[in-house]
Amino acid sequence: MKERKSFKLLFDLFFTLFKIGFIAFGGGYAIVALLENELITKKKWATQDEFLDMVGIAESTPGPIAINSATYIGYKKAGVLGSFMATLGVCTPCFILMYIVSVFYNEFMTNTFISAAFSGIQVCVIYLIAMAGIKMFKNIKKNVFSIIALITTITCIVLTNIYDVAISSIWYIVIGGFLGIVLNSISNILRKERKK
Amino acid sequence: MILFNLFVTFFKIGAFSFGGGYAMISLISEAILKHGWMTESEILSFIGVETVVPGPISVNMATFVGYQQAGFFGGLCATLGVILPSFIIILLISMALKNLLKYKPVEAFLTSIRPVVIGLIIATALTMGISLLFNIETINSEFLIDFKSLYVLASIILVSISYKLINKKPIPNALLILIAGILGLALFL
């Protein structure tokens, strides 16, 4: 009986996340509202507080929010197998859809009209990327460290690009993160000293 | 070998794609350009298509690049590669490391990479922008202004500002892409 119940739960996890993956256009933050509606309001798989915790974890770990949330809720409801089914569920629709797009992509793009339209769209995409960055900057805490980190990163990347030096972006993330840890512990030590 | 290469490349992208959405573009485009899998303008076109297909950018990009390089199994390997790191990390956090994110050094790491990731996004837009609009890729490139692209850029900035003023909310990305597509048809055909 118990086995049958968990089997049903695994299927439920798969199909619910499959549905979410199917309607999650554009990715990013619109997905949070969708997840809340499906997982909390309809399925009641977690409380509001647990949901907020989950989104917090999904946002601060690498990877798309939808996948991180799926893994998390899947594990919470049905262990490792549950997290596997939920993650598989959320990824399968975009894999299938993108696969179909990929098969027809080259033919589609060589069309004269389409390629003209995309000459315009390319400019728009650059604008969208820039706007996404500016919007994220508005939402973070601004202090000396964050502003210096931002400006240094931008300057280094633009310059290395122009002078054709290849440095992986991963290094900027790693160095930025470890500098943060070092500065944070130094300021903690200074604060303790001052208290004494 | 290409399958393994796709898997490893996208695994690395998956492991470092902090910030979600457009934050992943700098890592992805850098890896794709390095391997010569796509050109810069092909990447931009693809992101345009991607905006109207459901699913996270990194997963879509992995499926697409993998398929283009090595067919079905290429798509599968790249997609698995990009998903696996977040799957493992979330699983570890939910199994054993519940308080990992509250641990001070981890917290400091995550807060201080935020401006770096934002820098990566803005820098990607800048380098792609100056190469598309002014033909500047390296210091030796000849300075050429692409007036048509500049015209498209000016128009979409104008459209999105007026949309925001009238409707009090930002213009949906898909609508802006549609407008840019129509402008492209009018100017580049």
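I note here that the model is predicted.

**Chain B, overall**

I went through the secondary structure of chain B and found seven helices and zero strands. The order along the sequence is α-α-α-α-α-α-α. I took the extent of chain B from its C-alpha atoms, which fill a box of roughly 55 × 45 × 35 Å along the principal axes. Of the 189 residues in chain B, 49% are buried. I also checked the contacts in chain B between residues at least 6 apart in sequence, and 54% of them join residues at least 24 apart.

**Chain A with chain B**

I turned to the interface next. The size of an interface is often given as the accessible area lost when the parts come together. Between chain A and chain B the buried area is about 8,000 Å², and carbon and sulfur atoms give 81% of it. I counted 83 residues of chain A in contact with 90 residues of chain B. I looked for salt bridges between chain A and chain B and the count is zero.

**A117(A)**

I picked one residue in chain A, A117(A), which sits in helix α5 (residues 112–139). Is A117(A) buried or exposed? Its relative accessibility is 12%, so A117(A) counts as buried, the cut-off being under 20%. Leaving out residues up to four places away in sequence, I find that A117(A) touches A180(B), G181(B), G184(B) and L185(B).

**Nonpolar patch**

I then searched the surface and noted a nonpolar patch of L159(A), Y163(A), V165(A), I167(A), W171(A), I175(A), L179(A) and I139(B). Together these residues have about 810 Å² of accessible area. Which helix gives the largest share of the patch? Helix α7 (residues 169–195) of chain A does, with three residues. I located I139(B) in the loop of chain B between α5 (104–134) and α6 (147–167).

**Domains of chain A**

Last, I read the domain assignment of chain A, which gives domain 1 (2–111) and domain 2 (141–196). I put the C-alpha centres of these two domains of chain A 33 Å apart.

Technical notes. Residues are numbered from 1 along each chain as its sequence is written. Chains are lettered from A and ligands numbered from 1 in the order in which they are written. This is a predicted model: local features need pLDDT of at least 70, side-chain atom pairs count only at pLDDT 80 or more; totals for chains, interfaces and linings use all residues. Side-chain values use heavy atoms; hydrogens and water are left out. Patches are made of residues with over 30% relative accessible area and no salt bridge: like charges are joined within 9 Å, nonpolar side chains (Val, Leu, Ile, Met, Phe, Trp, Tyr) within 5 Å. Accessible areas come from the Shrake-Rupley method with a 1.4 Å probe; for residues, only the protein chains shown count as cover. A salt bridge is a side-chain nitrogen of Lys or Arg within 4 Å of a carboxyl oxygen of Asp or Glu. Helices (H or I, at least four residues) and strands (E, at least two) are DSSP runs, numbered from the N terminus. Domain bounds come from an automatic or database domain assignment. Buried means under 20% relative accessible area, exposed over 50%, partly exposed in between (1.4 Å probe, protein chains only). Contact means heavy atoms within 4.5 Å. Buried area is the accessible area (1.4 Å probe) that two parts lose on being put together, summed over both.
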